[in-house]
Amino acid sequence: MNFDSLFNPYPSQRMVTYGTKGMVATSQPLAAQAGLDILKKGGNAVDAAIATAATLTVVEPTSNGIGGDAFAIVWMKDKLYGLNASGFSPKNISIEALKERGIEEMPKHGLIPVTVPGAPSAWAALSKRFGNLSLKEALQPAVDIAREGYAISPILGYYWKRGYEKFKETLTDEEFAGWFETFAKDNRAPEIGEVWSSEDHAKTLEEIGESEGESFYRGALADKIASFSEKYNGFLTKDDLASFEPEWVDPISVSYRGYDVWEIPPNGQGLIALMALNIAKEFDYSERDTPETFHKQIEAMKLAFVDGQKHITQRDQMEFTTDELLSEEYGALRRSLIGEKALQPEPGEPPKGGTVYLATADGEGNMVSFIQSNYMGFGSGVVVPGTGIALQNRGHNFSMDPEHVNALAGGKRTYHTIIPGFLTKDGRPVGPFGVMGGFMQPQGHMQVVMNMIDFDLNPQAALDAPRWQWEKDKKVLVEPNFPNHIAQALARKGHDIHVATEGGPFGRGQIIVRDPKTGTLAGGTESRTDGAIAVW
């Protein structure tokens, strides 16, 4: 990575954004502005991240909510910290319990796939450990926007309408009434430009702030969640909520061409991005836009992904450690499988040994990479009445095969898709990055990291570049603006290439980097969404 090229505005479809005192990059302008307002009130990068994350539950409910999960990587006072705020499955759920109800596959919607929401605990834990301001102060911008309302932006309006059209046909039971009362008040999705507000959402955020998160897990909000779950025969109980605490973790990394790429350890799939980079790092890449470059990237990602799908679950229940999966020896072994033709990927055996993303930085050198999600857009389709709390459906990722490493069990964290990323060099921060979007996320991480490090693209250009997504076997989806001659060349190598017809699931990301010489911040945000950077 050439820092001079990172701060060069070309080539890019949009200009890089620069700042010195602070920067917030995310998928919604109002959320970015909320974070910047908190910085200007004396908050640090963590306070700004909390404000932005809470505001995103209001201004982008199609991707996340108060009832979702979160992960964070924090650079604070010359040290890197990780936070896993993904919730456990209810203690009394099991494969046997579901089969007794005639359920053979984990459902996508309803109360069955609901796990303990972790996002409010992340806000509280980050605020308590690192914040300059109180949690109440950090949540106030989100409270105000929820109460006063905001105009629906274009991409948000598109996904909101798509979610409504799907739900009105499939979610007809009484337990889903709260979703329609909250997000389809007039028996329709709000139109682009229409003002939408939620007093229930505002009151819940106020209560979380005033109680420093306690009400959600051990107070009045917990009572409402547990009572609703019991009424509709869900598994989530007040004891599940009361016993949950987020986990501070040490981020994991691989060295890639002189940089350290950091991710949160399992149960998240950030390990897949690291495994792919570990495989790809010994190849030579003459330039980005060649069939050979994309072929090697895709093959490395395929091998990493099938390994991740086989091995990733709650960390203490994994057969192999992250060190074993990221070893030089195993990376070389997987790399040796890559030839001139697309392979049918199979998992190996190492030698024993709907999401929102945001990035923040302040003028003191602190930086945050933060991601939260309900999963699959609006999540479970369940909203706790009178609260605005849309519950996630992370339990859908559990396997109903008792022999699978990610088999459903009570009190267990499932394989998780959302992952924040961070770059350092020589023990100093380069900056946070992330690409949301289900199983696209590690693939997006790999592509933007290589765009910056291997091909010297600035943050905006790294995000704007056309993407690919491996789906399964030899099938690869590419964006409509992906170079056609390269797509054809990849097809000749045996890849089953499909061109997305309407945008496609290629993720939406943000990047902030800090120039080590001047301290200047440079940021990029996604052209695939209503993204914005607020800067000071």
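1. A quick definition before the tour: on a 1 Å grid over the protein atoms alone, a cavity is a set of points where a 1.4 Å probe fits but cannot get out, and its lining residues have an atom within 4 Å of a point. Grid points are joined across faces, edges and corners, and the volume is the space filled by probe spheres set on the points.

2. The model is predicted, so to speak of local features takes pLDDT of at least 70, side-chain atom pairs count only at pLDDT 80 or more, and totals for chains, interfaces and linings use all residues. Residues are numbered from 1 along each chain as its sequence is written, and side-chain values use heavy atoms, with hydrogens and water left out.

3. The largest cavity has a volume of about 40 Å³. Its lining includes Met 275, Asp 307, Tyr 330 and Arg 334. Helices α13 (270-280), α14 (291-311) and α16 (328-335) each give two or more residues to that lining; helices here are DSSP runs of H or I, at least four residues, and strands are runs of E, at least two, numbered from the N terminus.

4. Now the open sheet: 7 strands in the order β7-β4-β3-β11-β10-β2-β21, paired antiparallel (pairing takes at least two DSSP bridges). At the edges sit β7 (247-249) and β21 (532-535), each pairing on one side only.

5. Val 24 has Ala 534 of β21 as its bridge partner.

Note on methods. 1 Å grid on protein atoms, 1.4 Å probe; cavity = no way out; pocket = protein on both sides within 12 Å on 5 of 7 lines; lining within 4 Å.
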